[in-house]
Amino acid sequence: MGQLRISAKNLGAIALADFCPRCFWIKLKMGNKLPYQIFPGIFSTLDSYSKKVIDSWVKAHGTLPSSLSSLGDVVESIKPLHHSRFFIEDEKTNIKLTGDIDAVFRTSDNAYLIIDYKTAKFTKTQDRLLPMYEVQLNAYCKIGKQHGIDPVEALYLVYTEPSTNFEDSEYKDFVTEDGFMLNFVSGIRPVEINPKLVDWSLEQARTIYDLIKPPDGREGCKDCGILEQLFAIAK
Ligand code: SF4
């Protein structure tokens, strides 16, 4: 059984209601490098911005800004390990599980909070993605335990939502010398700590990866059929 490497985020796809084992198998075999994958970089830029603003605040004030104070009595921001070092090797499944953690805060009880920032609105789409994020954050928790982030008191998704409503008369508040500003409003969603979710996901990933042929695709998805038509035309 050769070692399989997978990121916490990619592992989380297994928990989605519309999960497709065929898609997952193909991505694993391709090292997650597929053609025609265009993801706008602006979201990771905005996540990094949120991370930097909040980290800087905690460093300067020794606590969280008031909008996030309900997360806990935070006293320190811990610099997360780079993803090349933040991993575990699960013996049972021989999977190298990697993580790219957004933020870790130490509380006054010497426990830790693990945070993942999402630049998004609280919408039904986000609810749909929640099972994926639950696996992702619990995977960070599992990896973190082996890197000294222990005990973990809570896991949180922190949504940062652009605030775009303002009165016409307030326009001057947003205009600067070289452009204009955009405010963000934060929303908090706790995620239950559930180590079994990660173990289950790792086992599923191993089972799918070890299949010699790709499994059937998701019922109702027409794209595989279209792809076969493309191949037939190109022959
Ligand atoms: S069935 Fe749809 S989701 Fe699954 S592999 Fe085919 S195109 Fe991808």
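**Exercise 1.** Does Asp102 count as buried or exposed, and at what relative accessibility?

*Solution.* The structure is a predicted model in which local features need pLDDT of at least 70 and side-chain atom pairs count only at pLDDT 80 or more, while totals for chains, interfaces and linings use all residues. Residues are numbered from 1 along each chain as its sequence is written, and side-chain values use heavy atoms, with hydrogens and water left out.

Step 1. Take the cut-offs: buried means under 20% relative accessible area, exposed over 50%, and partly exposed in between (1.4 Å probe, protein chains only).

Step 2. Asp102 has 10% relative accessibility, so this residue counts as buried.

**Exercise 2.** Find the salt-bridge partner of Asp102 and state what the pair ties together.

*Solution.* Step 1. A salt bridge is a side-chain nitrogen of Lys or Arg within 4 Å of a carboxyl oxygen of Asp or Glu.

Step 2. The partner is Lys51, with the closest N and O atoms 3.7 Å apart.

Step 3. Lys51 lies in helix H3 and Asp102 in the loop between S4 and S5, so the pair ties together parts that are 51 residues apart in sequence. Helices (H or I, at least four residues) and strands (E, at least two) are DSSP runs, numbered from the N terminus.

Step 4. Lys51 is partly exposed, at 23% relative accessibility.

**Exercise 3.** Locate the salt bridge between Asp18 and Arg128.

*Solution.* Step 1. The N to O distance is 3.2 Å.

Step 2. Asp18 sits in the loop between helix H1 (8–12) and helix H2 (21–29), and Arg128 in helix H4 (residues 124–145), so parts 110 residues apart in sequence are tied together.

Step 3. Asp18 is partly exposed at 32% relative accessibility, and Arg128 is partly exposed with a relative accessible area of 40%.

**Exercise 4.** Describe the sheet that contains S6.

*Solution.* Step 1. Two strands pair if DSSP finds at least two bridges between them.

Step 2. The sheet is open, has 5 strands in the order S2-S5-S6-S7-S10, and its pairing is mixed.

Step 3. Its edge strands, S2 (74–78) and S10 (183–191), each pair on one side only.

Step 4. Strand S6 (residues 112–119) and S7 run parallel and are joined by 8 bridges. In this pairing, Leu113 stands opposite Ala154 of S7.

**Exercise 5.** Which strand stands between S1 and S3 in the open sheet of 3 strands?

*Solution.* Step 1. The order is S1-S4-S3, which places S4 between them.

Step 2. S1 (4–7) and S3 (87–90) are at the edges with a single partner strand each, so one side of each has no neighbour in the sheet.

Step 3. S3 and S4 (residues 95–98) pair in the antiparallel sense over 4 bridges. Glu89 has Lys96 in S4 as its bridge partner.
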